[in-house]
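Please look over the model below. My notes follow as numbered points.

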Number of protein chains: 2
Amino acid sequence: MLRLLLVAALTAFAPTAHAADARQMEENKKVVVEFYELAINQKNFEAASKLLGSRYIQHNPNAADGPEGLKAFIAFLREKFPDNHSDIKRIFADGDYVILHVHNVGTPGTRGNAIVDIFRLENGKVIEHWDVRQEIPEQAANSNTMFQAFFRAFPRKRESRVGSLRELTPT
Amino acid sequence: MLRLLLVAALTAFAPTAHAADARQMEENKKVVVEFYELAINQKNFEAASKLLGSRYIQHNPNAADGPEGLKAFIAFLREKFPDNHSDIKRIFADGDYVILHVHNVGTPGTRGNAIVDIFRLENGKVIEHWDVRQEIPEQAANSNTMFQAFFRAFPRKRESRVGSLRELTPT
């Protein structure tokens with residue numbers, strides 16, 4: 001009986017941990033979506049900085065380290081690209097990380113950039129950021145665009161987890 | 001009693017689904033690491049194509065759609081960048097997606113590119129690919145590099161999930 005109880009306890013433990021992880025990851029996604037909207041679209045450092053943790057480690061080579069670097073970057077956006085807008089196309093979470101696939105348009109009417117942002121969180125706050133940015137070219141060797149998902153063109157093919165935040169614009 | 005059983009059944013269901021998802025996501029990570037190594041580093045289309053599903057939807061604007069597009073891209077690498085090598089720095093999984101953060105060097109001795117690849121899988125096979133690529137600049141506004149993780153410089157700070165495939169080079 002003791003062995004049975006032990007097996008039951010061990011079996012129960014891992015799924016509970018998974019469920020807790022899953023809840024934290026969904027929460028982290030919401031924090032990052034809000035942080036991104038406040039920082040990049042609203043360009044409001046004061047509001048965005050409330051979602052930063054004890055530090056903000058910056059890996060974007062064009063931005064200085066720390067919260068002060070973010071402040072300066074947002075000031076740069078306000079001055080040089082006041083209409084800069086980023087649409088989050090996809091969002092993923094794994095452990096302490098949240099990953100965004102983004103279509104950024106610095107100047108309205110231009111094709112803009114494809115960006116992937118990687119954020120690391122600690123206690124539900126943003127503490128580290130990496131990104132990669134590529135200009136969307138005029139010509140492409142395929143007709144799939146840098147963002148479009150297969151199941152948009154073929155609506156019968158759906159994600160296995162419809163309703164998650166993963167695909168923000170699934171139709 | 002029936003209500004109790006029902007509550008127990010409902011409570012048990014979600015964690016079991018999470019555990020199954022988690023196993024599939026770890027398996028998907030291994031498939032993508034192998035696919036990447038075979039396609040990009042070994043440049044072996046025949047071997048890599050065994051890990052493709054019923055289709056291969058390409059969003060990289062420089063590559064043609066489908067398995068034939070991958071074949072042509074690998075042939076291009078073999079001819080123009082025979083020493084091209086990509087190091088996977090981070091790997092994430094969420095649902096059907098696997099995301100790689102990669103340091104790519106096309107020609108040895110050059111700084112190379114930061115890349116994020118996003119793969120979608122179906123039944124454990126690769127069926128879709130998006131990526132974003134950025135040249136690593138000579139100068140940067142911070143000293144964190146485009147890849148380095150905070151806990152490397154401060155070894156006491158560790159990931160909350162050490163031992164996962166998430167950080168492939170954590171030290």
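1. How many residue pairs are in polar contact across the interface of chain A and chain B? The rule finds 28, with both residues at pLDDT 80 or more. A polar contact is a pair of N or O atoms within 3.5 Å; within protein, one must be able to donate a hydrogen and the other to accept it, and residues adjacent in sequence count only if both atoms are side-chain atoms.

2. Ground rules. This is a predicted model: local features need pLDDT of at least 70, side-chain atom pairs count only at pLDDT 80 or more, and totals for chains, interfaces and linings use all residues. Residues are numbered from 1 along each chain as its sequence is written, chains are lettered from A and ligands numbered from 1 in the order written, and side-chain values use heavy atoms, leaving out hydrogens and water.

3. Interface extent. Chain A puts 56 residues in contact with 56 of chain B (contact: heavy atoms within 4.5 Å). The buried area is about 4500 Å², 56% of it from carbon and sulfur atoms (accessible area, 1.4 Å probe, lost on being put together, summed over both parts). On the chain A side, A:Pro61, A:Asp94 and A:Val132 lose the most area, together 14% of what that side buries.

4. Salt bridges. The rule finds 2 across the interface (a side-chain nitrogen of Lys or Arg within 4 Å of a carboxyl oxygen of Asp or Glu). One salt bridge joins the side chains of A:Lys29 and B:Asp94, at 3.2 Å, N to O.

Notes: Buried area = accessible area lost by both parts, 1.4 Å probe.
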